[in-house]
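Biologist: I would like to learn how to read a model of this kind with some care. Could you take me through it feature by feature?

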Amino acid sequence: MKHEGTLGVAVIGTGRMGSDHVRRIDEVISGARVAAVIDVDGERAEKAAAGIPGCAAHTDAAAAMDAPGVDAVLIASPGPAHEAALLDALARDLPVLCEKPLTPDPASALRVLDAEVRLGHRRVQVGFMRRYDAEYVQLKALLDGGALGRTLMLHCRHRNVATPPGFTEAMMINDSVVHEIDATRWLLGQEITAVSVVKPAPSSAAPDALSDPQLVILEASGGAVADVEIFVNCGFGYQVQCEAVAERGSARLGDAHGLYVNAAGRWGGVVAQDYVDRFRDAYDREVQHWVDATRRGATEGPSAWDGYAAAAVCEAGVRAQSSGTRTEVALAARPPLYA
Ligand SMILES: NC(=O)c1ccc[n+]([C@@H]2O[C@H](COP(=O)([O-])OP(=O)(O)OC[C@H]3O[C@@H](n4cnc5c(N)ncnc54)[C@H](O)[C@@H]3O)[C@@H](O)[C@H]2O)c1
Ligand SMILES: O[C@H]1[C@H](O)[C@@H](O)[C@H](O)[C@@H](O)[C@H]1O
């Protein structure tokens, strides 16, 4: 049993990501324990709490935040439920790790930003876990180090095996490309100013309502351009790749598939099948970093501003996707809290 003195975390939403974070905090992370789980589906919450000593199951997030032993909140409910949970946590001055997206649209993201600005200090880290992936961290250090000169372009590929029922074209941007939007802003240290979307003839594996794949082009404030292939029914695996092209060289991540095997007259490796597999280490590092910073009284990592800026780019992206025209991003002024 994890002892008193560790960070008591309430996990909101115990679906795919939430239950994985519950397991992670219980088994992998040091300095934290799962103090409460919350799900609107009470049975799911009970199941997630079972076997974790001292963990209470709730169906109401605000009530759980007021329960003794809850020091911090991890939000893993669907995006449209994030705003209410974030505002409840900020009203209590509780530290939050919020799964992406911060919220699904810029207006609601701004309301969260305003609440944190009124509080006067950062409390929110957004779950853009790629910033904790070992290869992304190396790429960021290489580009920042300047040895390759100015970064000119990013070529990105984001492939999922298949979409769950109800996955819409807008979700290709809001749910999936949102990761490349954050990674592009972070790697380049620039805001994204305009988005265009090009749609090739759809794959025969694409569900009727989805023009899949698509090519999303992101223009950045310093003049760099990122192109993102988003292909959410590629069938063969979960792949995230990124090649940075700079003035004096290029660097590419996402090609490694673990062990390289020679057998039966063939060579090769394994393609991950989902994000839990591909980004397991990144999620571990992300949550450990959040716990460590929180226990020091700090809030670090991707901020509510990063969540808001990504939402603003997503909104432009969804408009570009339906209009077929290049769409400029409308971004509010950046508050000094996020300088
Ligand atoms: N970082 C990543 O790579 C990654 C991967 C997948 C999902 N996500 C994000 O994680 C979040 C959850 O996604 P998921 O795939 O686990 O979803 P999911 O549908 O598997 O689970 C969501 C759970 O939240 C519960 N829920 C719904 N509304 C709620 C509310 N108001 N309060 C409490 N519980 C509520 C549902 O009953 C369900 O159990 C989303 O924001 C999603 O975008 C991130
Ligand atoms: O919600 C998921 C998740 O964010 C994954 O990391 C991404 O690859 C998927 O496309 C998306 O649907």
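Biologist: What mean pLDDT does the protein chain have?

Modeller: This is a predicted model, in which local features need pLDDT of at least 70 and side-chain atom pairs count only at pLDDT 80 or more, while totals for chains, interfaces and linings use all residues. Residues are numbered from 1 along each chain as its sequence is written, and chains are lettered from A and ligands numbered from 1 in the order in which they are written. Where pLDDT is low, the predicted coordinates should not be read in detail. Here the mean pLDDT (the predictor's confidence in each residue, from 0 to 100) is 96 for the protein chain, with 99% of its residues at 70 or more, and the predictor gives the complex an ipTM of 0.99 and a pTM of 0.97.

Biologist: Which residues of helix α2 are buried?

Modeller: An α-helix has 3.6 residues a turn, so residues three or four places apart point the same way. Helices (H or I, at least four residues) and strands (E, at least two) are DSSP runs, numbered from the N terminus. In α2, residues 42–49, the buried ones are Ala-45, Ala-48 and Ala-49, where buried means 20 or more other C-beta atoms within 10 Å of a residue's own, exposed means 12 or fewer, and partly exposed lies in between, with C-beta atoms placed from the backbone. Viewed down the axis of α2, the buried residues fall within an arc of 95 degrees (taken from the directions from the helix axis to the C-beta atoms), so they line one face of the helix.

Biologist: Which residues are around ligand 2?

Modeller: A residue is near a molecule or strand if its C-beta atom, placed from the backbone, lies within 6 Å of it. Around ligand 2 these are Asn-160, Asp-175, Ser-176, His-179, Val-232 and Tyr-275, and helix α7 (residues 169–188) supplies the largest share, three residues. Ligand 1 has 25 residues around it, of which Gly-13, Gly-15, Met-17, Ala-81 and Glu-99 come nearest, and α1 gives the most to that shell, with three residues.
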